[in-house]
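Please open the model in a viewer and keep the selection panel at hand.

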Amino acid sequence: MKRSHFLTLMSLAALSSMSFPVLRAEREKSKPACFELRTYYAAEGKLEALNTRFRDHTMKLFTRHGMTNVAYWMPVENPGNTLVYLLSYPDLAAREASWKAFLADPEWVAAKAESEKTGALVEKVENRFLGTTDFSPEMKVPAEGSPDTFEMRTYTVTPGNLPNLLKRFKDHTVELFTKHGMGHFGYFTPLPGQPGADDTLIYFLYHASPAARDASFAAFSADPDWKVARANSETAAGGSLTVTDGVKSELLKAIDFSPVK
């Protein structure tokens with residue numbers, strides 16, 4: 001091999017090796033830093049009208065103003081007439097700018113007024129600002145065999161134990177969920193300074209059906225590896241990592257206009 005050719009190859013290899021950290025850094029920078037979990041409580045008899053407004057107007061206007069529509073769900077059992085959805089933004093400042101522009105958009109003002117001729121569609125709105133954990137996967141589901149059921153789980157943690165809970169998930173729980181047939185959509189904690197930032201984990205799983213969900217959790221709960229991981233983590237922490245009744249679960253179904261189904 002000629003010396004000039006060898007030096008060229010070596011230079012290319014060096015550039016390539018240096019580029020990978022740069023590319024990784026660029027990918028990290030491009031990830032949304034802020035997610036917003038929003039829950040709307042529809043007025044009596046107005047849930048379908050609310051969904052229609054999202055389907056026909058709201059989602060495209062969100063996109064116009066720089067918001068990313070991640071997923072839209074309704075609870076499987078929905079006595080509260082709720083709509084649950086997830087948006088993402090580059091950061092909180094971008095979120096504020098996007099919503100300001102959206103609310104002032106003449107098309108939104110007109111769509112809202114037209115849809116509310118017989119009364120407001122929404123009685124109450126709840127929202128939380130979230131960031132992904134370092135073990136949260138890319139938020140997608142299989143193209144084939146799409147899940148029938150999503151599950152939103154919210155954990156409230158005993159004082160000082162959120163890092164211990166996250167470590168248990170990262171080192172054990174996520175892998176064991178996979179082992180027992182559960183799919184992972186996203187793992188989040190509230191952004192710093194937000195309510196629950198020190199004691200809350202919110203995550204989404206997906207399942208083939210509610211019955212499959214029950215079977216998966218039964219197998220997971222009985223798994224000896226889980227029992228050991230749980231016991232070790234609680235011994236190290238001096239007790240349970242979650243408060244009494246600190247684990248909440250809600251089964252959800254994706255709406256027809258949800259980007260993720």
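Predicted model: local features only at pLDDT ≥ 70, side-chain atom pairs only at ≥ 80, totals over all residues.

Residues are numbered from 1 along each chain as its sequence is written, and side-chain values use heavy atoms, with hydrogens and water left out.

**Strand β6**

Select residues 183–190, strand β6. Helices (H or I, at least four residues) and strands (E, at least two) are DSSP runs numbered from the N terminus. Eight of the eight residues of β6 are buried, so the strand is largely enclosed by the rest of the structure; buried means under 20% relative accessible area, exposed over 50%, and partly exposed in between (1.4 Å probe, protein chains only).

L130 has P190 in β6 as its bridge partner.

**Strand β2**

Select residues 68–75 for strand β2, where six of the eight residues are buried. Five bridges join β2 to β3, and the two run antiparallel. Their hairpin has six residues between the strands, and N81 takes a positive phi near 50°. Strand β8 (residues 242–254) is also antiparallel to β2, joined to it by three bridges. Centre on W73, which stands opposite V84 in β3 and opposite A254 in β8.

**The largest nonpolar core**

Select F54, F62, Y72, Y85 and W99, which touch the most other members of the 23-residue largest nonpolar core. Such a core is a set of buried Ala, Val, Leu, Ile, Met, Phe, Trp, Tyr and Cys residues joined through side-chain atoms within 4.5 Å. The elements that give two or more residues to this core are β1, α2 (47–64), β3 and α3 (92–104). Helix α2 provides the largest share, six residues.

Which residues does W99 contact, leaving aside its neighbours within four places in sequence? They are E36, R38, Y40, F62, M67, Y85, L87 and Y89, where contact means heavy atoms within 4.5 Å.

**M59**

Move to M59 in helix α2, which counts as buried at 13% relative accessibility. Not counting residues up to four places away in sequence, M59 touches F54, N69, Y72, F257 and P259. M59 and S258 are 199 residues apart in sequence and 9.4 Å apart in space, C-alpha to C-alpha.

**The second largest pocket**

Select T39, Y41, E126, M152 and E250, which lie nearest the centre of the second largest pocket among its 17 lining residues. The elements that give two or more residues to this lining are β1 (34–42), β3 (82–89), β4 and β5 (149–157).

**E123**

Finish at E123 in strand β4, which is exposed, with a relative accessible area of 62%. Not counting residues up to four places away in sequence, E123 touches Y41, A42, A43 and E44. E123 and K46 are 77 residues apart in sequence and 9.9 Å apart in space, C-alpha to C-alpha.

Definitions and conventions
Pairing = 2+ DSSP bridges. 1 Å grid on protein atoms, 1.4 Å probe; cavity = no way out; pocket = protein on both sides within 12 Å on 5 of 7 lines; lining within 4 Å.
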